[in-house]
Structure formats: C-alpha cells, structure tokens
2 protein chains.
Amino acid sequence: MRCKDLTPFMVMDIVRDASKYEDAIHFEIGQPDLPPSPKVLKTLEKNLNKAAYTQSKGLEELRGKIAKHYEKEYGVSVDTSQIFLTPGTSGAFIMAYALTLSSGDILGLSDPSYPCYKNVARVLDIEPLFLPISKESSYELRKEDIKGKNIKAIQISSPANPTGNIYGKNGLKELIKGCKEEGISFISDELYHGLTYEKRAHSALEFDDELYVINGFSKYFCMPGFRLGWIIVPKQKLKEAEILAQNLFICPPTLSQYAALEAFDEEYLSFVRDTFRKRRDYLFEALSEFFTIDAKPEGAFYLWADISKYSNDSALFAKELLEKIHVAATPGVDFGIKDGKKYMRFAYTKEISHMREGVDRLRQYLSLK
Amino acid sequence: MRCKDLTPFMVMDIVRDASKYEDAIHFEIGQPDLPPSPKVLKTLEKNLNKAAYTQSKGLEELRGKIAKHYEKEYGVSVDTSQIFLTPGTSGAFIMAYALTLSSGDILGLSDPSYPCYKNVARVLDIEPLFLPISKESSYELRKEDIKGKNIKAIQISSPANPTGNIYGKNGLKELIKGCKEEGISFISDELYHGLTYEKRAHSALEFDDELYVINGFSKYFCMPGFRLGWIIVPKQKLKEAEILAQNLFICPPTLSQYAALEAFDEEYLSFVRDTFRKRRDYLFEALSEFFTIDAKPEGAFYLWADISKYSNDSALFAKELLEKIHVAATPGVDFGIKDGKKYMRFAYTKEISHMREGVDRLRQYLSLK
C-alpha cells in the first residue's frame, strides 16, 4: 500500500497539541504572522463576486505578473504559458513529480528537508532517497552526492527549510550541470525567495531552462491560507502539464488568484523582509545560549538547532518542552534521518516579545537539566 | 511514464476555444452561472482577514455543519472527525484512490463517467477499467458487472455526469452489498446531490459506513471557484487520511471555508434547484427535436445526447458546431469508450434565452445536413 510508509507531518500535530495551551509559545508554526499587503485585501474586496473557475493554469494576468517578476528579480525570461498556478506549492510538487518520475523511480532529497516532499513522493509510489548535507558542504548537495545512485530527479530548496541555508551561485550552477550530465530532472523549491537577509537567492532558471521551479504566495507574500503556488515547467512539457492541471485541480482557487494580483507590493515586501531579519537576529543569538546552531540562517524563517546536550530523542524532547513549559517547536525527525533525533526546528514567525517569553522559559527549564 | 495515457480534460479545451467567439453559445460549461447565496458573500466579506492555514482537515465548525447536513438530509450520523475538507472534489479523489488502491490496482468506472476519474487514477498508476452502462440497466452498475474482474475499488456518481441518472435506492444498496461481498472499496461521488428534480438521491452512507463519500460546494452550492470539496472516510482510515491531507494539501483554502459556513441556505438552494429544473425541462424538449436522448436526466445539469444521425465522430462534430455556428458542447469521447463517439454532453448551465439562441442555430444548421 502506498500509504504504509507515510509519516505524519508532525508540525501539524504539534500545532494541534499546542493549541490546547492558552499560554503556549509558538516556535512550531511555518507561516508568517504578518497579514498580506493591504493592497491584496483591497483587491480581494473588489473581487468577491468572482466565483467561477478560471483557466486550469490560472489567470493570464497573474501569470503575466509572475513572468515580470522573473525578468526583474533574476533577469530570466519566462513565457506565461510555462507558468501554472497551483493549489499551494503542495499541488506544484504533485505536478513536478508526476511529470518527471514513474512508479518505483528514485527522488533524491536533502537530509534534512521539508517533510512533505518524501510523503508526496510515496503517495505517487516514488522512492525518496535521503542525501545527507551538513555544515561542511554548506548544506548544499554536490555533484558527487547524486552520482551512481540511479536517481531520476532531485528536489532542493533554497533558502532551505529547515536550515535556512541559501545555495551559493556556483554551488547551484554546478549541481544543475551535474544533474544534466546524469540525466537527472532538477526541481527547485524557491518558496522562501525574498526572505533572504544578506546574500541573494538565485533562481535555478538563471542557469538552465529545462528544469522545474516552484514558488508560491504562502511565505514571503504572507498569504498561506490562500493556497496558491506556482510551477514553471520546461516548454517541452507544456501539454502534459496542462492535462495534469486540468485533471488534478480543475483550477486554483479563484479568489486567491484575484487577491494575488496585488501581491507584488515592493514596499510592503521589504517591510516583511526586515521584520523577519530582526527576528532571526534576535532568535539566533538567544537560542545560541542553550543550543548549538551550526550556522546562522541566511533566509526563510527557521533555525535548525542541535539539542543533543539535553536529549537524544527530539520527538520526546519536543513533547517535554510543550507539556512542561508550553513551548512548541518541531522535532528534527520530521525532516531527516541522519540527525533528526539530535535537532529541532525553531520558527521565528512570531513577534520578538512572544519569542522572548519562550526563551525565558527555556532558560529557566534547561538550567535545571 | 504515468502521464503517457492521460487524456486532456476536453471540456477545458473547449471552454478555452469557445472563449474566442464573442457570440458563442455555451452548452459546454460544467458550472452553475448562478452566484453563491448572498449569505455566503456576506460572511466572506466579514472574514477577509482570515489568511492563515486552518487544520489540515478544515474548520471544525464547517465540518460540524456538514455532519448536520447528513443527519438532516439522509438520517445518517457522521462524526466530524470523518469529514475532510479538500481543495475541490479533485483533492478528494486523490485521497480516496490513495487510501484504497496500490499501484497497478484496478479501479472500476462507469462508461460513460466523469473524465477526471480515469486520469487522476493514472497519475497514481492505478488502472481504470470501464464498465459499460446503458438505458437497459438504468445507467446503473450491477453486481454482475463488477464480479471476477479483479477490481479493487469502484467509483460511481449519482446524479451522474454526463447522463444525469440517479441510482435507485435498491440499485445503490445492492451494488454496495455486492462490493462488500467481493472486497471492493466503494467510492460514491455525490457532488450533484441537491440538483435532483423528481426523485431523491440517496447517499451511499445510508447503506454502509465502510465506504468513501465525496461531495463539495462547486455545483448545488454554486461555488466552483472556491475549490472546496469534502470526503467522508471510514473510521478505521482516519489516521491515514489525516496524514494524506497534511502532506498533499496542508489545508483547503481558508477563505473558501469561511464562506462555506453560510452555504447551507435552504431558501436559496431551492431557488437553485428550481432554476435548473426549468432549464432541464426546456433543453430536454428542445434538443429532442434533433438528437436521440435515451432518458430524461433526473439530476445534475447535463443531457447526454446521441448525435449519430449527424456524425460518427463526436470530437469532429463538436469542432464543427463550434466553428460553424459558435455552439459549444462537449464530445462524448471525453467520458467513455463504448459510445463516446456517438454522444455529446450538453450542459444546461445558462439561462433559457441563451440556450434558445443555441437551439435556433442548431435547428437551422442541422436542417441542412
């Protein structure tokens, strides 16, 4: 059965358990607490009567805005026909895997990486293969990691969940080249682009156009509940991709598409970026007091912390912190095999005052251990 | 490759092609032209600030309303924990198939039936097996149709797309019983419930609770673009279903869920039903002038018309009607193998005055053939 190896997306279980405590401190939540741009809400108000299906690939106007975004941000030219709006990036993963992998094929994933990758793959009877990354390789996969393993596609994310790492220009370029040499399809999850604090994140499209780029409105654009992502597919896959979108989704949510027409609001987005940069600076320093954090995150809104000083079972430790001091964070076992039990993910998606209370509770509790 | 046998969802292609003609008559569109209840729009307005994820299975309050709907409409008791809100019924199909079928397993489908069933199955590497239905069996599958064919699950729809047929109480009960005897999982697509004009549609849940019932807000509730469906799963599948929903969807669109809280508006819904009943009465009589329509549809908003007097290739005939007289309808080949080339689907989702213009064009054009 395709479901037998599925693992719960633990963070959703923790979100549920944490909701039982009124005074819970939330380091578990992988979504911004900031609202969407006021312009998004205003355009939504004007379009409340849009109740019909759209084209399967989504509104032409919105795909045009996304194409412009690629031109402006990365200097790459994407045809609007290559852009498919999807029900969240979740829908985009299903499309990417269905377009590149047959049953039994191997999908290479970083260890650690976003938990849903492996599970969506398993639902499609695709075998996830975990490729360990670490501080030594700047949390990047290298050519040599993917060779000779019968891998048919790899998926990376940059900035990465859970480490916050951003692939360097050269590392990304070489990995894409290596995949091409080996005949491995390349899937680039760029959902945290924009949430980058010092160095720029490169789009995989800067280096090749026969690959799959996934992004969406849930993080940087602060529109998680709108469930709107997109995938850019190579030109030779357009017909197949359209058939998939028609059959799997009919179309993405219509109201969300109209709302997103105003999402590229530069001024608001730089406020979003600044807010998360400050939070990162605070939490990185604060948590470094108790945990070993291998590297300061360069993007996204997560810290990947080594908790092995206190426990060798992150799932138990997460449960303990939640029950004893009502501090919620996500155990590393959700993300990887190699170090999953030694690490936990702390999201900085709440205000600094809220996080400070959590840090105070951790200080008091851990000092007794 | 899992995509190699996929067929386009033709109606979406025709919708696109028809949009080129300003004066097109639309018999192709599978969505109501009526807006959602005014109450839906009012509650939406009040909840524009709801931008966060919800629980993976959706808002407890909405699932509670759905559970009450089953109590009231069918006298069956459903626990809210069994109800999963999904991104359209499309998401519900993926869940149902993933929960019941492994790669290579056989899914039994009526011929004709909704085109996406077979394609979603193929994406999951499931084999669709078409089981012909006809006027002689009241367009119902019977026990004997499913025996000895190594079928692992069947999916039916009632009222059916494209025939408009409703399973009789006894036929449905016996088919469910037959599936149970053969160890075949039963998936009941009840999306057109409510759009029933004389006889009542029974929910499969009235006869057994170890089966899968799918419904949603796109048709009767006139909310297609909201992309909100639901699936009711057997109690022993709750954990697996929750993991699937977490990983495949994160959650259904949040705004759509808040909007749907007011969707069960009896007064408005009976206006919707009356409107479509009148349209059916008009179009059935009008099209009977040219085509052979085996049976007056009992529900949904489609007519399944035998066009073999004029053509033995419904795809070509659809193209001809669209190009010559700008009348759009869906070729039967989208829905089935057996009679697909001889039949076309006409949707009565537009006002009678609009349909009358189409009928006039058909009369003039077909009289010359």
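Helix α8 (residues 238-249) of chain A packs against α5(B) at an angle of about 110°, and their axes are 9 Å apart. The angle makes α8(A) roughly perpendicular to α5(B). The model in which this packing is seen is a predicted one.

**Packing of α8(A) with α5(B)**

- The crossing in which α8(A) passes α5(B) is left-handed.
- On the side of α8(A), the residues that meet α5(B) are L244(A), N247(A) and L248(A).
- Their partners in α5(B) are C116(B), N119(B), V120(B) and V123(B).
- Sorted by class, the contact of α8(A) with α5(B) has five nonpolar and two polar residues, and no charged residues.

**Packing of α5(A) with α8(B)**

- Helix α5 of chain A, residues 115-123, crosses α8(B) at roughly 110°, and the axes of the two helices come within 9 Å.
- This angle makes α5(A) roughly perpendicular to α8(B).
- The crossing of α5(A) and α8(B) is left-handed.
- From α5(A), the contact draws on C116(A), N119(A), V120(A) and V123(A), while α8(B) contributes L244(B), N247(B) and L248(B).

**Relation between the two chains**

- Chain B is superposed on chain A by a rotation of 180° with 0.0 Å of shift along its axis, at an RMSD of 0.0 Å.
- The two copies are thus related as by a two-fold rotation axis.
- Within chain B, L124(B) has the C-alpha nearest the axis, at 2.7 Å from it.
- Both copies use the same surface, since 100% of the contact residues of chain B recur in chain A.

**The contact between chain A and chain B**

- Chain B gives 54 residues to the contact, and chain A gives 54 residues.
- On the side of chain B that touches chain A, at least two residues come from each of α1 (10-18), α2 (38-46), α4 (88-100), α5 (115-123), α8 (238-249) and α9 (254-260) of chain B.
- α8(B) supplies the largest share of that side of chain B, with seven residues.
- By class, the side of chain B that touches chain A comprises 32 nonpolar, 15 polar and seven charged residues.

**Domains of chain A**

- According to the domain assignment, chain A has domain 1 (10-35 + 266-363) and domain 2 (51-260).
- A distance of 25 Å separates the C-alpha centres of domain 1 of chain A and domain 2 of chain A.
- The contact between these domains takes 28 residues from domain 1 of chain A and 28 residues from domain 2 of chain A.
- In chain A, α10 (266-288) and β9 (302-306) are the elements that give two or more residues to the side of domain 1 that touches domain 2.
- The largest share of that side of domain 1 of chain A, six residues, belongs to α10(A).
- By class, the side of domain 1 of chain A that touches domain 2 of chain A holds 15 nonpolar, five polar and eight charged residues.

Technical notes
Residues numbered from 1 in each chain as written. Chains lettered and ligands numbered in written order. Predicted model: local features only at pLDDT ≥ 70, side-chain atom pairs only at ≥ 80, totals over all residues. Least-squares fit on C-alpha atoms with pLDDT ≥ 70 in both. Contact = placed C-beta atoms within 7 Å. Helix = DSSP H or I, 4+ residues; strand = E, 2+ residues; numbered from the N terminus. Nonpolar A, V, L, I, M, F, W, Y, C, P; charged D, E, K, R; others polar. Axes fitted to C-alpha atoms, helices over the stretch in contact; angles between N-to-C directions. Parallel < 35°, antiparallel > 145°, perpendicular 65-115°, else oblique. Left-handed = near helix turned anticlockwise from the far one by under 90°. Domains from an automatic or database assignment.
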